Amino acid sequence: MSNNGHKTIELPANVTVRQLADLIKASPIDIIKQLMSNGMMATINQQIDYDTAAIVVSEFGFEAQPQIVIEEKAEEEQGPTAEWRKIIDREAAEDLVVRPPVVTILGHVDHGKTSLLDAIRKSDVAAGEAGGITQHIGAYQVVHDGRKITFLDTPGHEAFTAMRARGAQTTDIAVLVVAADDGVMPQTREAAAHAKAARVPIIVALNKIDKPNANPERVKQQLSDIELTPDDWGGKTMVVPVSAKQKKGIDDLLEAILLIADDTSIRANPQATAAGTVVEAQLDRAKGVIATLLVQNGTLSAGDILVAGKVYGHIRRMFNDQGKVINDAPPSAPVSILGLSELPNAGDLFRVVNSDREAREIVARRKLALKEAAAKPAKGLTLDQVFAKFQAGETKELALVVKADVQGSLEPIVTSLQKLSTDDIKVVILYGETGNVTENDVLLASASKAIIVGFAVSADQAAQRLADKEGVSIRLYDVIYRVTEDIEKALKGMLEPEYKDVLIGKAEVRQVFRIPKIGNIAGSYVREGEIRRNATARVVRGGQKVFEGSVSSLKHLKDDVREVRQGFECGIGLNGFDGFRTGDLVEFYAKEQVE
């Protein structure tokens, strides 16, 4: 109980009228009436903010307090991305220490990604001393200037994005490999779009600079065209010339990675319960399931019980990237382990739990949730749903993947869509390219909660199947202005409605009546327009406003009425105001949405 005798009640940041009624054990109709008396029209499923809800509950004898959100331990109930964000967010600042950056190398298929990875691996003296080339476990660490860097050896940006779609936030820095002789290719643009969508810093490795037909300046111009302007051109993207073949520029690239890492807060708590991401997994006939894990927080130890996606197990043995048996793995360490019951998926999040029983319960819950999800149709993120997310305060941007038949159509569409951004909502073009909608486009849209917009193109069968499975909305158009018109309508819906007070009627007070237990009622004559029970009323005396508030009663003769029109007499009662005088004007205002 609070000091003033009111009962205290905790309220969330947003609550529907129905939920609020349940919380205070009141009728939703009474809640709606109270909102109306405060000048707000609401439906039973409409969300109201904390401040509005606090005013309403005070009328029912409650004192509101902001709800304290306590994070449950069972993060798996709240979706993989939410689960992962909490892993670091809940750590106390004083427990966090700098960890090695995790780097993914992306780029066009023939531009030397594999050669560059090999050159980096061989440049590491420590790895060389351990016996040359390390075994392939999908990830490895190198040491440069006494500092470790972890590289993820993903096969391409499709795998990178597929892991992101599963909720994995593995990469701290992306290295985009571009051949100096070939320049920016469609796959390069795709890879850049995927890295940007993941919101990770991009370093460009300008490979094959040893070739006689290398043209670095032409490539820098192409990079500027895709908004990766080199730092020596006044931009923010570090472009490092390298030759994987001749092992040139490798140290410069590693130095650039560490510089970016120092600029970014890459930290973890080594003392916490271990958690991270499955990089890959395979079945070995002799050893069973071998899973490669990236530890992202805490320290993983041999003997730990862990849950990864919908599988669990004890870590029987753990190896580092050089194949050596180890007992502990700190943050950013890639390890391969034995002991999981089944093959986990790449991109599954893992975390250590206290017991076999806890592991079994979590896995059982997840399997049931997956079974239930499979029985339901995929939830497509439509424009309406983006609007709903905006209203709930979950998003301030509309992400789009744009495909068009020719460059001449693509450029004006992208420009027009970008111009639709406002201070409240931003239109983000994750990727714009010519050609039909592909599986890759769907993957990017799925991982980034984006909508695909196509002009004079089609979606191939594989892309449509994946879109249905992932719940991605593909909107295809044949008329250019329809594209921008549709998105503009959606954005107008997304913007929180603005209201203005519109004068709807005036009444003159001709006589004041005193009603026992109720107070003073103004016997009035409607001079202009109409006056309404649910409007806001202002009492004006001598040209000055003396009161503004809600209407408590409106009567014509002896009947309660909702409105009275010009030329009729009525009795007006106002909430919280008794000081009517003959000759006062009562002005009535309604809320009207501003277009």
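The model is predicted, so local features need pLDDT of at least 70 and side-chain atom pairs pLDDT 80 or more, while totals for chains, interfaces and linings use all residues. Residues are numbered from 1 along each chain as its sequence is written, and side-chain values use heavy atoms, without hydrogens and water.

Trainee: What makes β10 and β11 a pair of strands?
Mentor: Two strands pair if DSSP finds at least two bridges between them. β10 and β11 (residues 238-241) have 4 bridges and run parallel. Strands here are DSSP runs of E with at least two residues, and helices are runs of H or I with at least four, both numbered from the N terminus.

Trainee: Which strand pairs with β10 over 6 bridges?
Mentor: That is β9 (residues 173-179), also in the parallel sense. V177 has A205 of β10 as its bridge partner. From β9 the chain passes through helix α8 (residues 186-197) to β10 in a right-handed β-α-β crossover. The term right-handed means that, with the strands pointing away from the viewer, the path from the first strand over the helix to the second runs clockwise. β10, helix α9 (residues 216-225) and β11 also make a right-handed unit.

Trainee: How many residues of β10 are buried?
Mentor: 6 of its 6. Buried means under 20% relative accessible area (1.4 Å probe, protein chains only). In a regular strand the side chains alternate between the two faces of the sheet. In β10, I202, V204 and L206 are buried on one side, and I203, A205 and N207 on the other.

Trainee: Why is the pair F547 and F577 called stacked?
Mentor: Rings of Phe, Tyr and Trp (its six-membered ring) pair if their centres lie within 6.5 Å; planes under 30 degrees apart count as stacked, over 60 as edge-to-face and the rest as tilted. The centres of F547 and F577 are 4.8 Å apart and the planes are at 20°, so the pair is stacked. F547 is in strand β28 and F577 in the loop between β31 and β32, so the pair ties together parts 30 residues apart in sequence.

Trainee: Why is the pair F577 and F580 called edge-to-face?
Mentor: The ring centres lie 5.1 Å apart with the planes at 90°, so the pair is edge-to-face. Ring pairs link F547, F577 and F580 into a cluster.

Trainee: Is F580 buried or exposed?
Mentor: F580 has 6% relative accessibility, so it counts as buried. F577, at 13%, is buried, and so is F547, at 16%.

Key:
Buried means under 20% relative accessible area, exposed over 50%, partly exposed in between (1.4 Å probe, protein chains only).
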